[in-house]
Amino acid sequence: MNIGEGLMLIRKLYKFENAHIVRQCTSRRCSRSIHGHSYKVELLFTAPSLDRGQMVYDFGLTKGMIKEFIDAFDHAITLWSGDDPAYLADMKKWSERWVELPVNPSAEQFARTIFLLVDRVLQQTEMINGESDVMLEGVIVHETETGYAKAKREDAYNSTMGPTELDRIVFSERVKAEWSNPEMFEELLAGKRFLNPDIV
Ligand SMILES: Nc1nc2c(c(=O)[nH]1)N=C([C@H](O)[C@H](O)COP(=O)(O)OP(=O)(O)OP(=O)(O)O)CN2
């Protein structure tokens, strides 16, 4: 790569509180007891040039759909669809905010899942302030102060690591009701185009 042809990178941090069990992992406390984490999620965006505001992508634009999808996990329990049906039914009965994934909710799979969601939002968003080729470079999920997982594009779309189809994610009715547009996930799945606001 020549000087002047690099990609500039920005990072936006999000936080949420979430509960889970990660079945089949070696750590007993992790695999057999419901427990929670204060997650920190870093989104890394790159672009080869800057927009009219001389930014890779205005941080303000990352507080719409992207933030709402990540916030779906806040004060929620994340379930693996492969878990015991009795456990799944009980959790859904007693917690109105839940997200069901087709993968075990490890830090690795949170990072892959969030990558797939945010990448699709970017792909379907019309950017109107001179942005060019804004790409999601990676998603880092900090599960604790001491442990994180990073998903790059090749990890997120690597089907040997788990499904990559977004339609296998289920958000509870309460999670969806708290979005500014409760239909946004269905619209995303249907391929709807979203227009960035001209001011936020
Ligand atoms: N590679 C992964 N390993 C573990 C994950 C994970 O998602 N990916 N998750 C867990 C548990 O959820 C656990 O709660 C976190 O484990 P750990 O880092 O051991 O947590 P501690 O707070 O006990 O660790 P400290 O070293 O005391 O900070 C397990 N493994």
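Which residue in β3 does Ala 19 stand opposite? I looked it up in the predicted model. Ile 77 in β3 stands opposite Ala 19. I then checked the strands involved. β1 covers residues 8–20 and β3 covers residues 76–80. The two run parallel, and three bridges join them.

Next I traced the whole sheet. I found an open sheet of seven strands with mixed pairing. I noted the order as β7-β6-β2-β1-β3-β4-β8. β7 (148–152) and β8 (170–171) stand at the edges. Each has a single partner strand, so one side of each lacks a neighbour in the sheet.

I turned to helix α4, residues 107–123. This helix packs on the sheet. I listed its contacts with strands as β2 (35–47), β4 (98–101), β6 (135–142) and β7. The direction of α4 makes about 150° with that of β6.

I followed β6 to its partners. β2 and β6 pair in the antiparallel sense over seven bridges. Here Leu 43 stands opposite Val 139 in β6. β6 and β7 also pair in the antiparallel sense, over five bridges. For Val 141, I found Ala 149 in β7 as the bridge partner. A hairpin of five residues joins β6 to β7.

Last, I looked at the ligand. I recorded 13 residues surrounding the ligand. The closest are Cys 30, Ser 106, Ala 107, Thr 146 and Gly 147. I sorted the shell by residue class and got five nonpolar, six polar and two charged.

Definitions and conventions: Residues numbered from 1 in each chain as written. Predicted model: local features only at pLDDT ≥ 70, side-chain atom pairs only at ≥ 80, totals over all residues. Near = placed C-beta within 6 Å. Nonpolar A, V, L, I, M, F, W, Y, C, P; charged D, E, K, R; others polar. Pairing = 2+ DSSP bridges. Helix = DSSP H or I, 4+ residues; strand = E, 2+ residues; numbered from the N terminus. Contact = placed C-beta atoms within 7 Å. Axes fitted to C-alpha atoms, helices over the stretch in contact; angles between N-to-C directions.
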